[in-house]
Structures are given as C-alpha cells and as structure tokens.
Amino acid sequence: IAREESLYIESQRSQLVNREKILNKAIDECIPVFQETEKELREWRAVIPASLLSPPVKNAFDRLKNGSGQSFTQRLQLVVSLYGEIERLQNGVHVVKEVLEIEPGSSREMDVVYLGLAQGFAVSQDNLIAGVGVPSESGWQWEWRNDIAPEVRKAVDFHSHEKTADFVHLPMRVKNIE
C-alpha cells in the first residue's frame, strides 16, 4: 500500500510540475503584450488631473512606474485595478477646486468640472475667468473663454445642488479617433 501511495504521489507531483511548465510558458508568451499594456497605462497618468488622483491610485501608478521586484500576479492585479479606476473616472462628472495657470506667472483658484477624462471646464470664484480644458500627453491644456463663465458656474452649482436642474450650454469638442 505504501508503494502504491508513493507511486500515486509521484504521479501527482509530475502532473503538477508539467502543469507549472505549461502555465509559465503561457505567462512568458503574454509578457510582451503585458509590457505594452503597462506602457499605455503609464501614459494615462498624465491624463488624470492631480485633484482626481486619490492617494491609493497615485501609489498604484508609482508602483507601476517602478514595476521591478513584483511578481506577474502582483503586476496583473495592479493593471486591472488601475484600468478599473480609469473606467470609474471616465464615467463620472467630477467637480473640484484647482489652482490653474491663467497666463505665464499668473494662477488662480478655479472650480473645475471634469466630464470624465475627456473635457473640463473651469470658472473663477468671481465668475470673470472661464476656460475649456482637454487632456494631452503633457497634462491638461486650457483655452481661456471668459464668455462661458455663467454656464460653467451653473454646471458647478447644479452639481453641488445649489440650483434646480436646467440645461447648461457648454462647448464640446468631438475628436475623431484614427
């Protein structure tokens, strides 16, 4: 009986070793695609405004940047969690306060409405300065359009439930993806 058990255990061990080899080969085949995915995720970091980046997500991006020393499983979990956070940000309307550079050497605190991570609208506290923002590889680029200040302020007030809902007319850019 001991010999039969020994043979059975050896057979099981052999199957597990073979299975491990197959799984390691599959992981090795995934590595190039996975590295490209990590690279694309690093590019997303510039698109997410600092005011929308929670400390845990910032730490996750830092871990992604440093990458080394983590197992494939840890890296995979990190990639999945970051894509989940990007998805959450993409599907929401976010209103925050940010200090934005109006012109070189001149900054102001603004109320900013982000429509996902696609477009933003900013308005100063006194409603005199307003702008439209779009993400770029180097962060958000703002075009100052003071004529939209009343509409941006309405959007901020609606979001904070200070006014009854109504239509807000804001300039939207539609971009073709090639």
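How many salt bridges does the structure hold? The structure holds 10 salt bridges, where a salt bridge is a side-chain nitrogen of Lys or Arg within 4 Å of a carboxyl oxygen of Asp or Glu. The model is a predicted one, in which local features need pLDDT of at least 70 and side-chain atom pairs count only at pLDDT 80 or more, while totals for chains, interfaces and linings use all residues. Residues are numbered from 1 along each chain as its sequence is written, and side-chain values use heavy atoms, with hydrogens and water left out.

In helix 1, which spans residues 2–44 (helices being DSSP runs of H or I with at least four residues, numbered from the N terminus), Glu10 and Arg13 form a salt bridge at 3.1 Å, N to O. Because these two residues lie three apart in that helix, about one helical turn separates Glu10 from Arg13. Glu10 is partly exposed at a relative accessible area of 40%, and Arg13 is partly exposed at 47% (buried means under 20% relative accessible area, exposed over 50%, and partly exposed in between, with a 1.4 Å probe and protein chains only).

Glu38 pairs with Arg75 in a salt bridge whose closest N and O atoms are 2.6 Å apart. Since Glu38 belongs to helix 1 and Arg75 to helix 3 (residues 72–90), this pair ties together parts that are 37 residues apart in sequence. Both Glu38 and Arg75 are buried.

Helix 2 (residues 55–66) contains Lys58 and Asp62, four residues apart and therefore separated by about one helical turn; the closest N and O atoms of their salt bridge are 3.3 Å apart. Lys58 is partly exposed at 38% relative accessibility, as is Asp62 at 26%. Elsewhere, salt bridges that share partners join Lys97, Asp111 and Arg153 into one network.
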